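I wrote them down in the order in which I looked things up.

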Amino acid sequence: MGITSFGFSQEQVISKNARISVLTCGSGAELYSAFGHSAFRVWDPVNKTDYVYNYGIFDFNAPNFYLNFVQGRPLFKVSKQEFSRFLFEYQYEKRWVKEQVLDLEPSQKIKLYNYLENNIKPENSDYIYDYLYNNCATKIIDVIKLSLGDAVDFKKEYLKEKYTFRELMGQKIATNTWGSFGINLALGSPIDKQATTLQHTFLPDYVFQQIQHSSINGKPLVLQEKTILKEHQKVMSINFLGAPLFWFVLLLACVLFITYFDYKNEMWSKWLDAFLMFITGIAGLVLVYLWIATNHTAAAYNFNLLWAFPFNLILFYLLITKNKLPQQLYKYCILLLVLLAIIPMVQLFGVQKFHPAFIPIILSLAVRYIFIWHKTKN
C-alpha cells in the first residue's frame with residue numbers, strides 16, 4: 001500500500017510518522033482543577049488520527065462515587081478522546097497547554113501506544129485514585145516506566161530545592177482561601193515530609209520538568225517542546241471579606257468582647273461555649289474518621305486534633321443540658337489548655353504545619369477555656 005505501519009496483529013496500527021507526546025495543562029478556577037492536568041497525545045498524520053489518553057476522568061453519578069471518595073477509594077478511569085475536543089475545554093477556560101514530543105524509536109512507540117490502547121479497554125480503564133500517589137500526573141511517569149522499562153532514565157537530582165507535599169499544594173492554592181483551609185484541616189503530618197524528586201510529579205508542572213530532565217537510551221527523552229495554548233494573564237482578585245482569616249479574626253474579636261462582658265458583669269454566655277465545643281467536637285470526629293476509618297493515608301497523624309478535640313462534644317452536651325456544671329470540669333479545661341500549648345512546639349519542630357487561619361480559632365478556644373476554668377474552679 002506504500003505506507004509502513006507498526007503494531008501487533010491484535011492492536012490498531014500506528015504509523016512510523018506518529019508522534020507521542022505529554023500534554024501539561026495549566027490550573028483551572030475550580031478546586032479540583034487548581035493543580036493542573038497531564039495527559040498523553042498520540043498524533044498520527046498517516047492514519048489521520050489525533051487522540052488524547054486522559055487519566056483524569058471521573059463520574060459524579062457513578063455508583064457510590066461520593067462514599068468512595070470520602071473513604072479514600074475514588075474510582076477514576078482513563079479515556080480516549082479527540083484532541084480537538086480535549087483542547088476546546090482548555091480554550092474555553094483560558095488555560096495554557098504545553099506539549100513535549102517524546103523522542104521514541106518505532107518499536108518504543110509501539111510499546112507505549114499499545115499500552116495505552118490496552119489501558120482504555122473497559123476491563124482495564126478503572127483505577128483507584130490517590131491525590132498524592134496515583135493521579136492523572138503520576139500516571140504519566142508510571143505508564144512510561146511500565147511500557148518502556150529501563151530504557152528511560154528519570155533523573156533524580158535536578159531540582160534546586162525540594163518541598164514538602166503541603167508546600168507543593170500551597171504553590172497551587174492561595175493560602176487565604178477556603179480550599180487551602182479545608183486541605184490543611186483534613187490532612188495531617190504525613191504531608192509535611194519532604195517529597196522525593198519523583199513524588200513531586202503528583203503536580204503536572206513537575207511532570208513537565210521531570211520529562212525535561214529524563215533520557216531514553218542515553219539521549220534526551222524530549223524531541224520538541226511547544227506551547228499549544230498560551231497562558232492568559234489572570235487578574236488575582238482577593239475578596240478578604242469572604243476569606244477564612246477574616247471570619248476567624250472576627251470570631252476572635254467577638255469572643256474577646258463577650259468574655260470581657262461576661263467577666264465584668266459576672267455572667268456566663270454558655271451559648272458561645274456550646275457553639276465552640278460543638279464545632280470543634282464535630283471537626284475532631286471527622287478528623288478521627290478520616291484517620292482511622294478511611295484509606296486517606298495523608299489524613300493520618302493529624303495534630304489538628306489538639307484543638308479540634310472530639311471530646312468537646314461531651315462538654316457541649318453538659319453546657320446545653322445542665323444548669324450547674326461539675327466542679328471537676330476545671331481539670332478538663334487544664335487538659336485542653338495543655339493540648340493547645342503543644343501546638344506551637346509541633347509547628348516549631350516541623351512535625352506538622354498549621355494554617356494561619358487556625359491561629360484566631362486556637363486563641364478563641366484558649367480564652368474560653370480559661371474562662372470556663374475560672375468559673376468552674378471558683
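**Charged pairs**

I began with Glu93, which counts as partly exposed at 34% relative accessibility; I note here that the model is a predicted one. The partner of Glu93 is Arg95, and the closest N and O atoms of this salt bridge are 2.8 Å apart. Is Arg95 buried or exposed? I found Arg95 buried, with a relative accessible area of 5%, which falls under the 20% cut-off for that word.

I then searched the whole structure for such pairs, and the search returned 13 salt bridges. One that I looked up joins the side chains of Arg41 and Glu99, at 3.2 Å from N to O. Because Arg41 belongs to strand 4 and Glu99 to strand 7, this pair ties together parts that are 58 residues apart in sequence. I also checked the cover of these two residues, and both Arg41 and Glu99 are buried.

Another entry concerns Asp205 and Lys172, whose side chains meet in a salt bridge of 2.6 Å, N to O. Asp205 sits in helix 7, while Lys172 is in the loop between helix 5 (165–170) and helix 6 (178–186), so parts that are 33 residues apart in sequence are tied together by the pair. Asp205 is partly exposed, at a relative accessible area of 23%, and for Lys172 I likewise wrote down partly exposed and 23%.

**The sheet and its helices**

Next I traced the strands, and I found an open sheet of 7 strands in the order 8-6-5-4-3-7-12, with antiparallel pairing. Its edges are strand 8 (126–128) and strand 12 (222–229), each of which pairs on one side only. From one strand to the next, the twist averages 25°.

Which helices lie across the strands? Helix 2 (residues 83–92) lies across several, among them strand 3 (19–25), strand 4 (37–44) and strand 7 (97–102), and runs at about 110° to strand 6. Helix 7 (residues 204–212) lies across strand 3, strand 4, strand 7 and strand 12, and its direction makes an angle of about 30° with strand 7.

**A residue in strand 4**

I picked Val42, which lies in strand 4, and found it buried, with a relative accessible area of 4%. Leaving aside residues up to four places away in sequence, I listed what Val42 touches, including Ile14, Ile20, Tyr51, Tyr53, Tyr113 and Leu116.

Where is Val286 found? I placed Val286 in helix 9 (residues 270–292), and its relative accessible area of 43% makes it partly exposed.

Definitions and conventions: Residues numbered from 1 in each chain as written. Predicted model: local features only at pLDDT ≥ 70, side-chain atom pairs only at ≥ 80, totals over all residues. Heavy atoms only, no water. Pairing = 2+ DSSP bridges. Helix = DSSP H or I, 4+ residues; strand = E, 2+ residues; numbered from the N terminus. Axes fitted to C-alpha atoms, helices over the stretch in contact; angles between N-to-C directions. Contact = heavy atoms within 4.5 Å. Buried < 20%, exposed > 50% of the residue type's maximum accessible area, 1.4 Å probe, protein only. Salt bridge = Lys/Arg side-chain N within 4 Å of Asp/Glu carboxyl O.
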